[in-house]
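Please look over the sequence and the model shown here. The report below covers the ligand site and a few backbone details.

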Amino acid sequence: MKKIAVFTSGGDSPGMNACVRSVVRTGIYKGLEVYGIYRGYEGMIEGDIKRMYSHSVSNIVQRGGTILKSARSMEFKTPEGRKQAYENLKAHGIEGIVAIGGDGTFTGAKIFQEEFGIPTVGCPGTIDNDLYGTDFTIGFDTAVNTALEAIDKIRDTAAAHDRIFFIEVMGRDAGFIAVESGIGGGAEFVMVPETKTDLNKVVKSLRNIRANKSSSIVVVAEGDEEGNAETIMQKVKDKIQDPEKDFKVTTLGHIQRGGNPTAHDRLLGSLCGMAAVEGLIDGRTNCMAGIMDQKVVYTPFGDCIGKEKPLNELHLKLIDILSI
Ligand code: ATP
């Protein structure tokens, strides 16, 4: 193997740059030529591919976003689009690929590598932490800390006015951000797609909230089965029917994707990038390089996207106990 390419795809996440930097420098360290594909599968189809050098990734380890840019490509879902992508990679002599992204990215990578046989190893780049085969995904820790900072600030105003705040965090299918930011932020309740939300329990608790409790925080993952934070707040408000109680909603939105990555995400991105290149050199393909129990683990793409990564039961228990 002489030439490899790296790209970032799907939702961007803080730490992707650290991962790109690690792929480029590990590749060069191992004597490979490394190419950057811009805008994910979109750039692969359009041939937006450039040689990368050690200096190409200078001064990016601390930056959020991704210097390679990211995109969502409908065309890559078609056989014609993937054929065009293959032709471009072939023209550049690319013999191995590192795909940095989430489950959609790996679904595409799996199909592509099975169709055209270019060895591909993934790195878990998504804030959602919803990939099986790695304890954490790159960007999750930063997103949790960003959400937490916001929750702390909201708590100040919630306490000043005795308000009940419903704070919506990202997580369409997974509640990891909600659970960890909820515990750290001292939430009364955390609502996530993985567990059944008992609105009657929430209503009962908020109705009887103890007199000396001046603020209440409810963290809602956007994909909760009862609806988003606004919908849930309305349902709860309608049931409580107490004009004395002041309900507010804050949706954190895209700030959770941005910002400088934490030390944890820089290290994780760097480790996964190195492991992905070493995996390619060792002949691995169709798998993701993740970190479990501080060790590199390669997991088939099929398992990463097909197997469920459950929430930590201890975390759920903690939320229940600490909110009394
Ligand atoms: P995140 O979870 O952070 O949003 P992701 O990698 O899951 O990241 P997606 O937008 O779901 O983000 O997927 C990224 C890209 O992967 C898509 O835009 C598409 O080009 C490609 N992709 C997804 N599913 C498929 C598929 N079934 N076949 C081919 N390509 C796909």
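## Asp103 and its contacts

Asp103 touches Asp130, Leu131 and Ile305, not counting residues up to four places away in sequence. Contact means heavy atoms within 4.5 Å. Asp103 sits in helix 4 (residues 103-116). Helices (H or I, at least four residues) and strands (E, at least two) are DSSP runs, numbered from the N terminus. Asp103 is partly exposed, at 36% relative accessible area. Buried means under 20%, exposed over 50%, and partly exposed in between (1.4 Å probe, protein chains only).

This is a predicted model: local features need pLDDT of at least 70, side-chain atom pairs count only at pLDDT 80 or more, and totals for chains, interfaces and linings use all residues. Residues are numbered from 1 along each chain as its sequence is written, and side-chain values use heavy atoms, with hydrogens and water left out.

## The annotated site

An unreviewed UniProt entry places a "binding site" at Gly11, Arg72, Ser73, Gly102, Asp103, Gly104 and Thr105. These residues span 95 residues in sequence, yet no two of their C-alpha atoms are more than 14.0 Å apart, so they gather at one spot. UniProt positions follow the numbering used here, feature names are shortened, and annotations may be inferred rather than shown by experiment.

## Ser73

Ser73 lies in the loop between strand 3 (49-52) and helix 3 (79-91). Ser73 is buried, with a relative accessible area of 10%. Leaving aside neighbours within four places in sequence, Ser73 contacts Tyr41, Glu42 and Ile45. The side chains of Ser73 and Glu42 make a polar contact (3.2 Å). A polar contact is a pair of N or O atoms within 3.5 Å; within protein, one must be able to donate a hydrogen and the other to accept it, and residues adjacent in sequence count only if both atoms are side-chain atoms.

## Around the ligand

How many residues surround the ligand? There are 17, and the closest are Arg72, Ser73, Asp103, Gly104 and Thr105.

A polar backbone atom of Ser73 is 2.7 Å from a ligand oxygen. For Gly104, the backbone distance to a ligand oxygen is 2.8 Å. A backbone N or O atom of Gly11 lies 3.5 Å from a ligand oxygen.

## Positive phi

Most residues other than glycine have a negative phi. Asn286 has a positive phi of about 55°. Asn286 counts as buried, at 15% relative accessibility. Asp293 has a positive phi near 50°. Asp293 counts as exposed, at 63% relative accessibility.

How values were computed: A residue is near a molecule or strand if one of its heavy atoms lies within 4 Å of it.
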